2 protein chains.
Amino acid sequence: MSVITVERRILQKNDEIAVANRHYFLRNGIAVINLLSSPGAGKTTLLERTLQHLDPPTVMVIEGDVQTDRDAQRIAALGFRAVQIVTHGGCHLDAGLIRDAMNSADLSGVSLLFIENVGNLVCPACFDLGEDHKVVISSTTEGEDKPIKYPRVFREASLCLLNKMDLAPVVEFDQEAYGKHVHAVHPGLEIINVSAKTGQGLPAWVDWLSHAQQDKLRASR
Amino acid sequence: MSVITVERRILQKNDEIAVANRHYFLRNGIAVINLLSSPGAGKTTLLERTLQHLDPPTVMVIEGDVQTDRDAQRIAALGFRAVQIVTHGGCHLDAGLIRDAMNSADLSGVSLLFIENVGNLVCPACFDLGEDHKVVISSTTEGEDKPIKYPRVFREASLCLLNKMDLAPVVEFDQEAYGKHVHAVHPGLEIINVSAKTGQGLPAWVDWLSHAQQDKLRASR
């Protein structure tokens, strides 16, 4: 089982850098949200929609992608600071990449940092980036069983956003079953139903973010 | 960049076992199809639908999941031989797991083996299992840009199935853009539009499988 040993060594180094990142974010009062989902769950579109409710000078976005800088371009087009990390095949962001991104960016005035991780429900869940919260985004079109099939990301998350609610009737999504599956792996995890298309649930999500920011500001004093 | 070194060592060992698997499959005239997609793209449902066109004694399915044996149960319920590999957090299948699955199974009479990989568009693409073909499954609800954001899996694939065609109008899927993106990373890659729900495209896909089986039988003689 040499793979497991290797993974442990990588994770140990990652965790050391994550601690340093966390200190940095705390000193600077920056709330950090690590967004995790499978490819195509609608992370970037939901983020674009979320940013409409937020103040550009106070927010930064780090985009993680295997290839292309399309996502950072989409964010920058809305007038927000954006850093693109292209992993060139890498399946997750790690704490070192976040440290490098911060070193390359101007974080003055920023109190909220979104990290949009690589679209992958498995590996990113294992890597602490120094964030305050992991937020998992599922979409109704993926089916109800993702929480029990990919439990770790749901277990690690502080919040679950169920996206593409506008398509729930079309795909006959069983919300009760989904909720049961989420709470089987993470009892009590808050689920906010959202739709990046119609705007459903956006106020509750923005409110949740605002609380996360206030908590961080208090902790940093 | 120690991670890259580690990855190379793992891949080297994997590739050695994959070669042995490939020899085994060739000797036994078994065509092997490695199905790859993101979580929720509809791999298992499409496979269930596909099996309706196939003969149970000639087909086996290996199901790879991070957690649960739900998928193997679904396949077994249709009267087909199924082996479940639970990776317990692992983000991909490797050649050694496939070898172990074959050692535990009765492959007599089997001429077609489906391997449903872990739902993940990134890592599984790097691991040769000894298969004849990787088939990538996208779904319309994931958006048009997945091929350029996750190029490796599309580059490695022998065939691209575009699933959930029944939802294409609902999500205003731009097929022309999708096709351009697919062919930007893999010129000439065949795309079959399918819907596990309506059955659209199933005959073309089953026909493709039948050719793969015939090719393998010829090669094994």
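Chain B can be laid on chain A with an RMSD of 0.0 Å, by a turn of 180° and a shift of 0.0 Å along the axis. That is the relation of a two-fold axis. The model is predicted. The predictor gives the complex an ipTM of 0.75 and a pTM of 0.84.

**Interface**
- Of the interface residues of chain B, 100% are also interface residues in chain A, so the copies meet through the same surface.

**Confidence**
- Chain A has a mean pLDDT of 92, and 95% of its residues reach 70 or more.
- Over residues 1-6 of chain A, pLDDT stays under 50. The model has three contacts beyond four places in sequence for this stretch.

**Sheet of chain A**
- Seven strands form an open sheet with parallel pairing, in the order β3-β2-β4-β1-β5-β6-β7.
- Its edge strands are β3 (81-86) and β7 (191-193), each pairing on one side only.
- Neighbouring strands are turned by 20° against each other on average, direction ignored.
- Strand β2 (residues 59-65) pairs with β3(A) in the parallel sense over six bridges.
- A:D65 stands opposite A:V86 in β3(A).

**Helices on the sheet**
- Helix α4 (residues 95-103) of chain A packs on the sheet and touches β2, β3 and β4. Its direction makes about 140° with that of β3(A).
- Helix α2(A) lies across β1 (31-37), β2, β4 (112-116), β5 (133-139) and β6 (159-163) of chain A. It runs at about 165° to β4(A).

**A:E48**
- A:E48 is in helix α2 (residues 43-51) of chain A.
- Its relative accessible area is 19%, so A:E48 counts as buried.
- Beyond residues up to four places away in sequence, A:E48 touches A:R74, A:I75 and A:L78.

Methods
Residues numbered from 1 in each chain as written. Chains lettered and ligands numbered in written order. Predicted model: local features only at pLDDT ≥ 70, side-chain atom pairs only at ≥ 80, totals over all residues. Heavy atoms only, no water. pLDDT = per-residue confidence, 0-100. Contact = heavy atoms within 4.5 Å. Helix = DSSP H or I, 4+ residues; strand = E, 2+ residues; numbered from the N terminus. Buried < 20%, exposed > 50% of the residue type's maximum accessible area, 1.4 Å probe, protein only. Least-squares fit on C-alpha atoms with pLDDT ≥ 70 in both. Pairing = 2+ DSSP bridges. Axes fitted to C-alpha atoms, helices over the stretch in contact; angles between N-to-C directions.
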